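Student: I've got a model open and I'd like to go through it with you, one question at a time. Where do we begin?

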Amino acid sequence: MSDQRTPFPFSEPPAIGMVHLRPLPGTMYAESGLGDVLDVAVSDALALQEAGFDGLIVENFGDAPFRKEQVEPHTIAAMTAVVAEIARTVDLPLGVNVLRNDPFAAVAVAAVTGARFIRVNVLSGVMVTDQGIIEGRAAELFAYLDRVAPDLAVWADIAVKHARPLVDRPIEELAVETVERGGAHAVIVTGSQTGAAVDDGELRRVRNVVDVPVIVGSGVN
């Protein structure tokens, strides 16, 4: 079966802005209702568009402590409402990331709102994280993707931040497996934690072994 997805809907290297949602209702640090979360998210999205960003990723960054894999239904509902409103407000390609690692929820949100891609923190392999051990579920994800959003692209982190591989392996091996065996349409290289700079050597090593777009995912200024 041919793959008709557009993994990188940009004509040149883009700047992707992050819309970090405030804590959603029902999470530990939630202080307001969904309306306030939505207002701030739309304001941030507009600011990023006006600043010249080429695309946006919306993620539930405020929902710490994060669930390891499956988020609760009300989180999916809230993110769908927010992403839908952002899509009505800005004219940029949108992506969805559901933390810590619920790509199935991200697919559901994207399918309803018209988002173009999802970000998956752990698509393949096994990572030791602050939420525990997370295993990639690429086969199940793509089976679900083909049912509900066949045009959606998957961007996958390589050695994602706030995590370490269960067994230390060269980052280029992780990258090749994520693309060739995991099916990623683009890969993301990050620093060790949020805001930490990307290791230039690791970035080059990944770039040299994969034929998909390579995105710098953290620590860019």
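Tutor: Helices (H or I, at least four residues) and strands (E, at least two) are DSSP runs, numbered from the N terminus. Keep in mind that this is a predicted model, where local features need pLDDT of at least 70 and side-chain atom pairs count only at pLDDT 80 or more, while totals for chains, interfaces and linings use all residues. Residues are numbered from 1 along each chain as its sequence is written, and side-chain values use heavy atoms, with hydrogens and water left out.

Student: OK, which residues of strand β9 point the opposite way from A186 and I188?

Tutor: In a regular strand the side chains alternate between the two faces of the sheet. Strand β9 covers residues 186-189, and its four residues are all buried. A186 and I188 take one direction, which leaves the other to V187 and V189.

Student: Which are the edge strands of the open sheet of 7 strands?

Tutor: Its order is β1-β2-β3-β4-β7-β9-β10, with parallel pairing. An edge strand here pairs on one side only, and that describes β1 (16-20) and β10.

Student: And by how many degrees are neighbouring strands of this sheet turned against each other on average?

Tutor: The axes are lines fitted to C-alpha atoms (for helices over the stretch in contact), and angles between N-to-C directions run from 0 to 180 degrees. With direction ignored, the average for neighbours in this sheet is 25 degrees.

Student: What is the bridge partner of I16 in β2?

Tutor: β1 and β2 (residues 55-59) run in the parallel sense and share 5 bridges. For I16, the residue across in β2 is G55.

Student: Now the other sheet: why is one side of β6 and of β8 left without a neighbour?

Tutor: This open sheet has 3 strands in the order β6-β5-β8, paired antiparallel. β6 and β8 (163-165) sit at the edges, so one side of each goes without a neighbour; the reason is that each has a single partner strand.

Student: Which residue in β6 does V126 stand opposite?

Tutor: Strand β5 (residues 126-129) runs antiparallel to β6, and 4 bridges join them. Across from V126 you'll find E135.

Student: What is the area of the nonpolar surface patch that includes I133?

Tutor: Patches take residues with over 30% relative accessible area and no salt bridge, joining like charges within 9 Å and nonpolar side chains (Val, Leu, Ile, Met, Phe, Trp, Tyr) within 5 Å. The areas come from the Shrake-Rupley method with a 1.4 Å probe, and for residues only the protein chains shown count as cover. I133, in strand β6 (residues 132-135), is partly exposed at 42% relative accessibility. Together with V128, L166 and V167 it makes a patch of about 340 Å².

Student: Is R100 buried or exposed?

Tutor: R100 is in the loop between β3 (94-97) and α3 (103-113). Its side chain makes a polar contact (N or O atoms within 3.5 Å; within protein, one able to donate a hydrogen and the other to accept it, with sequence-adjacent residues counting only if both atoms are side-chain atoms) with the side chain of N121 at 3.3 Å. It also reaches the backbone oxygen of K161 at 3.1 Å. With a relative accessible area of 5%, R100 is buried.

Student: How far apart in sequence are the parts that D130 and R100 tie together?

Tutor: Their side chains form a salt bridge (Lys or Arg side-chain nitrogen within 4 Å of an Asp or Glu carboxyl oxygen), at 4.0 Å from N to O. D130 is in the loop between β5 and β6 and R100 in the one between β3 and α3, so the parts they tie together are apart by 30 residues.

Technical notes
Buried means under 20% relative accessible area, exposed over 50%, partly exposed in between (1.4 Å probe, protein chains only). Two strands pair if DSSP finds at least two bridges between them.
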